[in-house]
Amino acid sequence: MMCEALEGGKTAGVFGIRRGFFRLKREQIAFFKGSSDMKVALASNRELARIFFEFGYYDEMQGIPFKPRAYELASESMAALGDEVKETWKKGGIKALKELPGVGQSTAEKIDEYFRTGKVREYEALKKKFPVDMWALAKIEGLGPKTIRDLYKHLRVRTLKDLERALKA
């Protein structure tokens, strides 16, 4: 699962979310021993990958077709492209971002907002509406978007600790 690779797991090389897989180049995973600029770029790309991953999960929970897969592709692209995302944004803004794989108009606007402000308003609103640690819960085998939604809806599970508490009850 992508979560492990993005958090620094030494599974460098191949990662994916559920269906899709990307192969990373050595220089794209150089943050294990690379320059501080590369570490900063990859940190922001990991955050963008996480944001798009969670957007996809939220949409899938609501039964929205097609968009979850688009966000999944955007998430994988953010993780795989390294510092290329920010460099592309600096050179040409939203128009240039749309040329990257997995990035359309809406995704490019969110990336632009993230690089300008350090956050994405729509993502912040979703987190307030549905305050679940999606990233942590999604790492558990068998917990998909709809199961996470049901756990929150019926048992108020928001974190791994909440899940542990619910399992013990």
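This is a predicted model: local features need pLDDT of at least 70, side-chain atom pairs count only at pLDDT 80 or more; totals for chains, interfaces and linings use all residues.
**Entry 1: helix H5**

I start with a rule: helices (H or I, at least four residues) and strands (E, at least two) are DSSP runs, numbered from the N terminus. The expected span of a helix is 1.5 Å times one less than its number of residues.

I looked up helix H5, which covers residues 105-117 and has 13 residues. From its first C-alpha to its last, H5 reaches 18 Å, close to the 18 Å expected.

Residues are numbered from 1 along each chain as its sequence is written, and side-chain values use heavy atoms, with hydrogens and water left out.

Which residues of H5 are buried? I noted Thr107, Ala108, Lys110, Ile111, Asp112, Glu113, Tyr114 and Phe115. Here buried means under 20% relative accessible area, exposed means over 50%, and partly exposed lies in between (1.4 Å probe, protein chains only). Just after H5, I found Gly118 with a positive phi of about 85 degrees.

**Entry 2: the whole protein**

I stepped back and found 9 helices and 2 strands. Along the sequence, the pattern reads α-β-β-α-α-α-α-α-α-α-α. The protein has 169 residues, and 46% of them count as buried.

I then looked up contacts, meaning heavy atoms within 4.5 Å. Taking contacts between residues at least 6 apart in sequence, 57% join residues at least 24 apart.

The accessible surface comes to about 9,500 Å², and 53% of this belongs to carbon and sulfur atoms. Such areas come from the Shrake-Rupley method with a 1.4 Å probe; for residues, only the protein chains shown count as cover.

**Entry 3: the core**

A nonpolar core is a set of buried Ala, Val, Leu, Ile, Met, Phe, Trp, Tyr and Cys residues joined through side-chain atoms within 4.5 Å. The largest one here has 38 residues. Which of them touch the most other members? They are Phe52, Phe55, Met78, Val85, Leu97, Ile111 and Ile148. The elements giving two or more residues to this core are helix H2 (36-61), H3, H4, H5, helix H6 (121-129), helix H7 (134-138) and helix H8 (145-155). H2 supplies the largest share, 9 residues.

Leaving out residues up to four places away in sequence, Phe52 touches Tyr71, Ala74, Ser75, Met78, Thr107, Lys110 and Ile111.

Ser75 was my next stop, in helix H3 (residues 67-80). Ser75 is buried, with a relative accessible area of 0%. The side chain of Ser75 reaches the backbone oxygen of Ala49 at 2.7 Å.

**Entry 4: salt bridges**

Side chains of opposite charge can pair when their charged atoms come close. The cut-off I used: a side-chain nitrogen of Lys or Arg within 4 Å of a carboxyl oxygen of Asp or Glu. How many salt bridges does the structure hold? I found 13.

- Lys90 pairs with Glu87, with the closest N and O atoms 3.9 Å apart. The two are 3 residues apart in helix H4 (residues 84-97), so about one helical turn separates them. Lys90 is exposed at 54%, whereas Glu87 is partly exposed at 35%.
- Asp150 pairs with Arg149, with closest N and O atoms 3.2 Å apart. Asp150 is partly exposed at 32%, and Arg149 is partly exposed at 26%.
- Asp162 and Arg165 meet at 3.8 Å, N to O. Both lie in helix H9 (residues 160-168), 3 residues apart, about one turn of the helix. Asp162 counts as buried at 16%, but Arg165 counts as partly exposed at 46%.
- Arg50, Glu54, Lys127 and Asp133 are linked in a network of salt bridges.

Why do I keep meeting helix partners with this spacing? An α-helix has 3.6 residues a turn, so residues three or four places apart point the same way.

**Entry 5: two last look-ups**

I returned to Arg165 and its surroundings. Arg165 touches Leu155 and Arg156, not counting residues up to four places away in sequence. From C-alpha to C-alpha, Arg165 and Leu155 are 9.9 Å apart in space, and 10 residues apart in sequence.

Glu124 sits in helix H6. Is Glu124 buried or partly exposed? Glu124 is partly exposed, with a relative accessible area of 35%.

How values were computed:
A polar contact is a pair of N or O atoms within 3.5 Å; within protein, one must be able to donate a hydrogen and the other to accept it, and residues adjacent in sequence count only if both atoms are side-chain atoms.
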